[in-house]
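Hi,

Here is the structure I promised to pass on.

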Amino acid sequence: SSSEMIASYDHHRIPERMIRSGEVSKWVVPWKLADVRVLDRPIPYAHKNDAVTWVTFSDDVTRQLQSFLKKEDPGSTPDTGSRARSIVDAQMTGMADRDSGDEKIEERPPSAAMRHIADADATLLGRTRISGGNLRNDHFYLTEFLEKFPSDCIGGRNKQEAAPRELTVDWGGPSPVKTDIDRTKRMFRRRGWVRQFFLSAGAREGDTVVVTSTAPYLVQVRVERGSEKALSAT
């Protein structure tokens, strides 16, 4: 509730005026951080678009973090570099437990395999433009590349006609989602996560959802800005 968010300001630092205005009423997935290290000075880094949950640092930033960690722990080993790269992964545990109808997103920390998947390792399944209707109704279509998915993950119009197998969709949140595809609607059947996916990515009308895969039943989705798509085509 608003009163609870205002009372917990020290944890999230969202100004009271934003809470009372309803501007952040859809921010429903807080994170709890553990083993947090406070830097003795800020270290600037480049935050790439769509880096919502996991951040990969450049070599220069990694070296600076290594230096900080070595000063904090003089007995650290050469493996400190891997600690520096993952310092933002400080045992984050999702606290939201959101229902959408009778659908619930399972809460558990993402697996190591899900944390960061480089674009170079993924196969592009397709792109779909985000419309105003998509944003209002928390969904996006898979029409133009539906045939790229395994056929046993594509079901009928209702849960009774669900496909025999589900896909695992990594959307960058606290937990991936398991779902099949509704052939008649041409979209993922479970959509309780889509609103948070759009909000976390700052999705706008005209942006694009990029759908990739590293295995037959493992799918990743991310938002690509309309301007990014135009630049990539030039």
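This is a predicted model: local features need pLDDT of at least 70, side-chain atom pairs count only at pLDDT 80 or more; totals for chains, interfaces and linings use all residues.

Residues are numbered from 1 along each chain as its sequence is written, and side-chain values use heavy atoms, leaving out hydrogens and water.

Back to the aromatics. I count rings of Phe, Tyr and Trp (the six-membered ring for Trp) as a pair if their centres lie within 6.5 Å; planes under 30 degrees apart are stacked, over 60 edge-to-face, and the rest tilted. That rule gives ten aromatic pairs. For Phe-140 and Phe-198 the centres are 6.3 Å apart and the planes at 55 degrees, so this pair is tilted. It ties together distant parts of the chain, 58 residues apart: Phe-140 is in the loop between helix 7 (132-137) and strand 6 (154-155), and Phe-198 is in helix 8. (Helices, H or I of at least four residues, and strands, E of at least two, are DSSP runs numbered from the N terminus.)

Trp-171 and Trp-193 make another tilted pair, with 6.2 Å centre to centre and 35 degrees between the planes. Here the link spans 22 residues, from Trp-171 in the loop between strand 7 and strand 8 to Trp-193 in the loop between strand 10 (187-188) and helix 8. Both are buried: Trp-171 has a relative accessible area of 8%, and Trp-193 has 0%. These four rings belong to one aromatic cluster, together with Phe-145, Phe-149, Phe-188 and Phe-197.

Which residues have the most contacts inside the largest nonpolar core? They are Phe-140, Phe-149, Phe-188, Trp-193 and Val-221, in a core of 26 residues. (A nonpolar core is a set of buried Ala, Val, Leu, Ile, Met, Phe, Trp, Tyr and Cys residues joined through side-chain atoms within 4.5 Å.) Strand 7 (167-170), helix 8 (194-201), strand 11 (208-215) and strand 12 (218-224) each supply at least two of its residues, and helix 8 gives the largest share, four. Another core lies apart from this one and has five residues, among them Val-55, Phe-57, Val-61 and Leu-65.

Five strands form an open sheet with mixed pairing, in the order 5-11-12-7-8; two strands pair if DSSP finds at least two bridges between them. Strand 5 (123-129) and strand 8 (177-179) are at the edges with a single partner strand each, so one side of each has no neighbour in the sheet. Strand 11 and strand 12 pair in the antiparallel sense over seven bridges, and Val-209 has Val-223 in strand 12 as its bridge partner.

Finally, some totals. The protein has nine helices and twelve strands, and 38% of its 234 residues are buried. Of the contacts (heavy atoms within 4.5 Å) with a separation of 6 or more, 62% are between residues 24 or more positions apart.

Cheers

How values were computed
Buried means under 20% relative accessible area, exposed over 50%, partly exposed in between (1.4 Å probe, protein chains only).
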